[in-house]
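Let's take a walk through a protein model together. Have the sequence and the 3D view open, and follow along as we go from charged pairs to domains and then to a single helix.

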Amino acid sequence: MSDEHHKSELISLVEELMADIDSKLLHPKNKILLYSRYLLSKLSWHFTVSSVSKTWVTENIDSKVNSYIRKWLDIPISGTLSTVFLTRNKFGLSICPPSVKFIQCQTVLRKALKTSPNEAINDLWKATSNSKNIQYDVYNSTKQVLKDFHSGQEDKLHTQLTCQGSFFTNITKFSLSQLTKIWSACQSNLPKNIFNFTVRYINNSLPTRQNLARWGLSPTSDCSRCLAPETLLHIVAGCQSYLERFTWRHDSVLNFLATSLQTVSGSHLYVDLPGYKSPSIITGDTYRPDLLLSTSTGTLYIVELTVGFESNLQKNVERKKSKYKELIREQNEHFNSVKFVNLSISSLGVFSKECCTFIEMLNDFDFQKQHQNYCIRRMTTIAIRTTYYIFCCRNKEWMNPELLSV
């Protein structure tokens with residue numbers, strides 16, 4: 001088969017299979033799963049025996065696949081795909097482009113020729129060592145190919161796509177990495193509209209007025225409420241005219257946490273929500289943390305919840321530490337032990353590193369691992385869904401909905 005014939009067959013195969021996947025009434029995550037497990041495996045043989053170049057695969061195969069991925073995830077052309085190419089433990093979708101699969105197949109082929117016990121096969125490797133695909137001799141395994149690809153995407157988000165990579169840059173510095181798998185599991189269980197919202201939130205391609213102005217679709221980038229630039233941060237955690245919306249999200253998460261801690265035996269619970277005893281009974285009116293829990297052993301847990309933008313995860317931690325330093329000192333005079341739980345969560349439900357104190361508290365209460373994961377999943381899901389609702393209600397009147405429980 002000539003190169004041109006082979007190229008034509010590859011293009012036809014990709015177009016046919018991607019169109020078939022696209023026609024299915026499936027959740028985007030399942031379409032991506034079909035692509036990863038079915039289409040890429042169909043291309044493996046072609047990529048192994050073909051003499052086409054990686055450049056051709058990138059320009060002709062990757063481009064077709066990427067257009068469908070954008071369609072499934074509602075990502076505009078201005079939104080980078082680098083974030084979805086990341087692994088799930090880095091808040092990506094673990095999507096592998098055809099060009100990377102091509103390099104893996106060529107790596108397997110070159111290694112098989114080089115390490116074969118058959119001398120004639122070794123001679124074939126030597127004879128083809130001046131071809132265009134010898135560059136893949138540098139890889140020892142397909143895992144190394146993937147590792148290099150992911151490293152390249154991370155570097156691009158850190159150094160080149162600073163605006164679209166701001167989420168990734170902040171969560172890699174300040175998030176509690178051991179909970180990333182739980183976040184990914186929560187995301188995969190979201191309905192299509194909210195799932196795609198999280199993807200576009202991560203790569204900053206949502207239709208904020210700042211983005212719309214940048215795309216030439218809005219005459220202004222200003223917020224209709226306060227005339228400040230309407231960025232993603234401004235909508236979901238910054239606008240002073242939206243404070244009651246942010247309070248609703250905060251209280252929705254706090255309400256679930258309070259409900260979960262009611263089961264702690266021999267304890268007294270105080271929550272800054274209607275229907276609960278007020279924390280000011282113990283702390284007075286000067287300080288009023290979100291939640292207090294006193295145990296029968298004389299330990300007081302002071303829980304302060306913050307739900308803010310990803311870039312403020314660490315700032316919120318430091319601010320709350322400073323704010324409650326004096327309260328902790330005062331309460332040490334009345335309790336055997338005082339433990340401050342600094343629960344800083346992002347608008348998209350990412351837990352900060354400081355939330356390890358929250359895990360320690362749940363361990364103190366003998367919450368089993370499964371129960372702990374359940375609580376974290378629920379809090380993450382509530383944060384995502386409330387943020388989605390806040391975004392959808394931007395530039396609209398707020399109807400004071402009931403606290404969200406999922």
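A search of the whole structure, which is a predicted model, finds 12 salt bridges.

| Lysine 71 | Aspartate 22 | 2.7 Å |

Start with the pair of lysine 71 and aspartate 22, whose side chains meet in a salt bridge. The two residues belong to distant parts of the chain, with lysine 71 in helix H3 and aspartate 22 in helix H1, 49 residues apart. Is aspartate 22 buried or exposed? Aspartate 22 counts as buried, because its relative accessibility is 16% and the cut-off for buried is under 20%.

Arginine 225 is partly exposed, with a relative accessible area of 31%, whereas glutamate 397 counts as exposed at 59%.

The pair of arginine 288 and aspartate 272 links two loops: arginine 288 lies between helix H14 (280-283) and strand S2 (291-294), and aspartate 272 lies between strand S1 (268-271) and H14, so parts 16 residues apart in sequence are tied together. Arginine 288 is partly exposed at 46% relative accessible area, and aspartate 272 is partly exposed at 28%. Elsewhere, Glu326, Arg329 and Glu333 are linked in a network of salt bridges.

Next, zoom out to the domains. The protein chain is divided into domain 1 (3-161) and domain 2 (174-405). Their C-alpha centres lie 39 Å apart, and the contact takes 18 residues from domain 1 and 19 residues from domain 2. About 1,600 Å² is buried between the two domains, with carbon and sulfur atoms giving 65% of that area. On the domain 1 side, His27, Lys29 and Phe91 lose the most area to domain 2, together 36% of what that side buries.

How many salt bridges cross the interface of domain 1 and domain 2? The rule finds 0, but there are 7 residue pairs in polar contact between the domains. Helix H2 (28-49), helix H3 (54-73) and helix H4 (82-85) each supply at least two residues of the side of domain 1 that touches domain 2.

Now zoom in on one helix. In helix H15 (residues 313-323), the buried residues are Leu313, Asn316, Val317 and Lys320. They cover an arc of only 105 degrees around the axis, which puts them on the same side of H15. Why might such spacing work? An α-helix has 3.6 residues a turn, so residues three or four places apart point the same way. The face turned away from the buried side of H15 carries the exposed residues Lys315 and Ser322. Among the elements covering the buried residues of H15 are helix H8 (166-174), strand S3 (299-308) and strand S4 (337-346).

One last stop is lysine 7, in helix H1 (residues 3-23). Lysine 7 is buried, with a relative accessible area of 19%. Leaving aside residues up to four places away in sequence, lysine 7 touches Val52 and Trp56.

Key
Residues numbered from 1 in each chain as written. Predicted model: local features only at pLDDT ≥ 70, side-chain atom pairs only at ≥ 80, totals over all residues. Heavy atoms only, no water. Helix = DSSP H or I, 4+ residues; strand = E, 2+ residues; numbered from the N terminus. Buried < 20%, exposed > 50% of the residue type's maximum accessible area, 1.4 Å probe, protein only. Contact = heavy atoms within 4.5 Å. Arc of directions from axis to C-beta. Domains from an automatic or database assignment. Buried area = accessible area lost by both parts, 1.4 Å probe. Salt bridge = Lys/Arg side-chain N within 4 Å of Asp/Glu carboxyl O. Polar contact = N/O pair within 3.5 Å; in protein donor to acceptor, adjacent residues only side chain to side chain.
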